[in-house]
Protein chains: 2
Amino acid sequence: MNSPTEIPAVTRQSERLGELIEERIVTGVYPPGTRLDEQELANTFGVSRTPVREALIQLSSAGLIEIRPRRGATVPEVGADRVCEMFEVMAELEAMCGRLAARRITADEQLALQEAHRACEAARDANTPDVYYQLNEVFHQRIYEASHNSFLVEQATALHRRLRPYRRLQLRVRNRMATSFNEHQAIVDAIVKGDSDLASAQLRAHVTVQGERFADLVATLRDFKAGG
Amino acid sequence: MNSPTEIPAVTRQSERLGELIEERIVTGVYPPGTRLDEQELANTFGVSRTPVREALIQLSSAGLIEIRPRRGATVPEVGADRVCEMFEVMAELEAMCGRLAARRITADEQLALQEAHRACEAARDANTPDVYYQLNEVFHQRIYEASHNSFLVEQATALHRRLRPYRRLQLRVRNRMATSFNEHQAIVDAIVKGDSDLASAQLRAHVTVQGERFADLVATLRDFKAGG
DNA sequence: AGTCACCGTCTTGTATACACAATATCAGAG
DNA sequence: CTCTGATATTGTGTATACAAGACGGTGACT
């Protein structure tokens, strides 16, 4: 008697491997410039080279690694300018989500959005940046979904994921949490009000600020390095 | 099946295979719903299953096929609504390109853009839709590049590619070529003038129209089917 | 007669083996 | 001592072999 809801956890190893390797890349275990040796990865994860290769190809398609023919896979050195470009695109994608969300959001989704927003508020009051960071992801996801454009949701989510490590760097920035929450408030207001232009502008600004903060951070680090 | 006389592959077979299979998908050789048997593809292209699998994984990451664990790869049935969603995102990406291009385009790029535009004009005057279609691609690519955001260029190009088959359908639409060219003219003017808001709006409208045309076409086809 | 279970076949997923290209190493010449 | 060229080694790219799950058919039981 097989229960219809039985989940045999039947996923390809290569898929799991991809996630594991991705995790190690974004967490800095494999820093930029690292050469990813297939055999070495295979040994590390206790599998053969085949699923490792498939995972690497997947990551390559996602843009997380670079595969040069006959030269193997490497974690690319993503220049600060490159990341800024990505934030620039992210800002526009989020702006679009906001614009559509303001026009299309349902009552249920409004509730879900405000709930996520209040959760962020709690994290802010508790002064728990890590929690805020996670709830922030939920908040933005709610907006994506309210756009009622599933393709857009996928694109935005993918890029959001890819920018995660760089956004994470900003946790420590002074007052970032409070400022972020205030921006969120304005965004929620605009969406609830149905003001698509305002929602769009607010979200664009919100994300653009993150890109600028990242640029600031990079500049600071460079100065720090140069200074000694 | 190694043919020793073939030119030494400077690129992976799987990469070439990916392009070949992609070509067959977008040209309708493998229509939506087709089950892509690995062994069959391997026989077709005269290689083993390994590079075929790698190509399929790549295509899956690009969103062109769906791979369900243990059930193989299939060409997904992309619903009309899904395509419309993609056009909606494309419109926004192009709008962004235009907005940035209006602010950042160099003198050289202006020349290249206008050259591409004039080439389109020639194709319009010659009433050669196929040629116009190809030159149109170049025209848009020029705008992407003028945005001076390489990540945006990649994203826009990828989505443009993915929408190609649906845009191709519109070649036959009455007066589409002339209308398209007029829209291009307005876009070029706005960019050259440096009016980023206008360029953005014009491009958004230009692409949105394509999405609507596609929707029209689908509706017409449906009625046609229903009618007889 | 309909339904369910069991079994065979087929396809995918993974491992291993082999071929070849690219890089590293070392020796010899300038 | 350095530069260059040949050789060795390493690692990728492809093929083949093996294992395991999914689908279809057939048979038995209700």
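This report describes the fold of chain A and the aromatic pairs of a predicted model.

Residues are numbered from 1 along each chain as its sequence is written, and chains are lettered from A in the order in which they are written. Local features need pLDDT of at least 70, side-chain atom pairs count only at pLDDT 80 or more, totals for chains use all residues, and side-chain values use heavy atoms, without hydrogens and water.

Chain A contains 9 helices and 3 strands (DSSP runs of H or I with at least four residues, and of E with at least two, numbered from the N terminus). Their order along the sequence is α-β-α-α-β-β-α-α-α-α-α-α. Of the 228 residues in chain A, 42% are buried (under 20% relative accessible area, with a 1.4 Å probe and protein chains only). Chain A is split into domain 1 (13-74) and domain 2 (80-227), with bounds from an automatic or database domain assignment. The C-alpha centres of these two domains of chain A are 29 Å apart.

Over all chains there are 4 aromatic pairs (rings of Phe, Tyr or the six-membered ring of Trp, with centres within 6.5 Å; planes over 60 degrees apart count as edge-to-face). Two of them are listed here.

| Pair | Centre distance | Plane angle | Class |
|---|---|---|---|
| Y166(A) and F214(A) | 5.5 Å | 80 degrees | edge-to-face |
| Y166(B) and F214(B) | 5.5 Å | 80 degrees | edge-to-face |

In chain A, Y166(A) belongs to helix α7 (residues 150-168) and F214(A) to helix α9 (residues 196-227), 48 residues apart. Y166(A) and F214(A) are both buried. Ring pairs also join F87(A) with Y166(A) and F214(A) in a cluster. In chain B, Y166(B) is buried at 18% relative accessible area, and F214(B) is buried at 5%.

Terms used:
Buried means under 20% relative accessible area, exposed over 50%, partly exposed in between (1.4 Å probe, protein chains only). Rings of Phe, Tyr and Trp (its six-membered ring) pair if their centres lie within 6.5 Å; planes under 30 degrees apart count as stacked, over 60 as edge-to-face and the rest as tilted.
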